[in-house]
Amino acid sequence: MRSKFWPATAAHAVLIAYAVVALFPVFLIILNSFKDRLTIFSAPFALPWADTFTLDGYETLVSGSHFEWYFLNSLFVTASSLLLILVVSSMAAFALSEYKFRLNLLTSLYLSIGIMVPIRLGTVGILRLMVNLHLVNTLWALILIYTAQGIPLAVFVLTTFMRQLPADLKDAARIDGASEYRIYLLILPLVRPAIGSVLAISMLPIWNDLWFPLILAPGEATKTLILGAQTFLGEFANDYNAVLAALTLAILPPVFLYVIFSRQLIRGITAGAVK
Amino acid sequence: MKKRGSFPVHILVFLGPAVLIYTAFMIYPLCDSLWLSLNNKASSGGQIFVGIQNYLMLFSQDRWSAPFWNALRNNLIFFVIHMVVQNPIGLLLAALLASRIRGSAIYRTIAFTPTILSVVIVGFVWKLILAPAWGISHALFGIVGLSALGEYPWLGTESTTLVTLSLMSVWQNIGIPMMLFLAALIRIPDELMEAAKVDGASGWKIFWRIQFPLILPTVGLIAVLTFVGNFNAFDLIYATQGALAGPNFASDILGTFFFRTFFGYQLQPADPFMGSTVAGVMLVIILVGVLIYLFGWQRRLQQIQF
């Protein structure tokens, strides 16, 4: 026992130290967003008490900006993109895992280019395309781009998973006269864990993106939460209450999603990286 | 009813939507952008094919080459800092978590938290913490008796801004190598380590002689993911320092340079042709990194295994 005690203690010490480093900045922001301006500066590490508690920052936020719109925009863009990614990628993955046809390998390779090549590098072309389609400053521009961006990894993860499904079930359904479309619908529930992983790994890059909202949809009506926060933080840079409140509100949604989806997220990150 | 060799319509139906969306909104714009990089504005107002002239201009004409080489150099430093700070710490955390330490799930969840936050948020959080005006960094450096360092404008000084931004990015992204290393370490069968332990090997020795060689594929994967991520980075610098990547372009990397070039900023007009050219160079850099990984690293590892 003695020989195991010190290494374990040292390991805990390192991990606790890192946990502090990881969480401290986040706590500091949330904590101070509820304090009055004087206390933010005079006692930044103190907890907010009855006499220092204030929601001033949040009030500035509500009156000075349209965070509720931004939030709904982000929600709509993220949810629609995820739905599209799941539908089209699971269909493609089904075809690639189920049928032998001449272009199978080539199609897989073609789709996997996007795993490594960042879609951002095509931004000049994307902007031109969106201008021609009259989609600039619409949420659809974002949804289509995020769907295209999410397809490669989603197809890869889902294909890998679908290949492992036993053939018996599908063969039995075929003997019963089920169409190929019906078989696809039949196996969808069987790949639920993989769908969870795809959802979890695709969600955060879409929710957190700044690049495409900035370029394709910077208008007031189509701002996402992250772009809205970025603009607001720039405008109110010296109003610490408002900045801290905005940061707190922007931190909460991903943390909330993370708490719900952390298992799928971890599985997804590792599943996407096995090969 | 099905005839032999009949056209497999259902395959087209299944593949169609994904291939169409992916082609229209990812592959086509990429190709369009590469094509634009071989063109430039004609004096008549339209566009004219100029071959690789834009690239030559980017590399050698002072107006373009000075900011380009500056951004490329900064980007390399940005990448090196990630490789020597982020990935070793990620490995250390993963090795500790893989040792079945009590509470490892909680530690893992906490260490991954910064990774889920938006880069914009991370940028502002650290900007506030490092701001001499607030005094947080003053107090933190004070703990180790160096409170004078807390007064230093880490982000506002040319010589320190890039390193500071890199470390902010490291803080955020450490969760990714940690998770990937952890997944690889957990897959190693226990018997291997048990056998070595019976032979009296220390934990240190077991790690470097048995576990580390077995996770070499993951080391390569993390290196290439870091490479691609870093040479495509933009958000953190933009959120913290703005499109001008100040002070005096000291934190300018390829992503911010690309943005200013094609989108325009202040007095510089938007230039889609030169913007595409910058993107073309970034694409080549990223492809070279990926190819080195696929053919240099993975191939070699496979040869060792056989």
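**Ground rules.** I am reading a predicted model, where local features need pLDDT of at least 70, side-chain atom pairs count only at pLDDT 80 or more, and totals for chains, interfaces and linings use all residues. Residues are numbered from 1 along each chain as written, chains are lettered from A and ligands numbered from 1 in written order, and side-chain values use heavy atoms, without hydrogens and water.

**Overall form.** I found 15 helices and two strands in chain B (DSSP runs numbered from the N terminus: helices are H or I with at least four residues, strands E with at least two). The radius of gyration of chain B is 24 Å, well over the 19 Å from the globule rule for 306 residues, so chain B is more spread out than a compact globule (C-alpha atoms are used, and the rule is 2.2 Å times the number of residues to the power 0.38). I noted a C-alpha trace spanning about 80 × 80 × 35 Å along the principal axes of chain B.

**Aromatic rings.** I looked up Phe, Tyr and Trp rings, which pair if their centres lie within 6.5 Å (six-membered ring for Trp; planes under 30 degrees apart are stacked, over 60 edge-to-face, the rest tilted). Over all chains there are 39 aromatic pairs. Tyr181(A) and Phe14(B) make a tilted one, with 5.5 Å between centres and 45° between planes. Tyr181(A) sits in helix H9 of chain A and Phe14(B) in helix H1 of chain B, so this pair joins two chains. Phe14(B) is buried at 1% relative accessibility, whereas Tyr181(A) is partly exposed at 36% (buried is under 20%, exposed over 50%, partly exposed in between; 1.4 Å probe, protein chains only).
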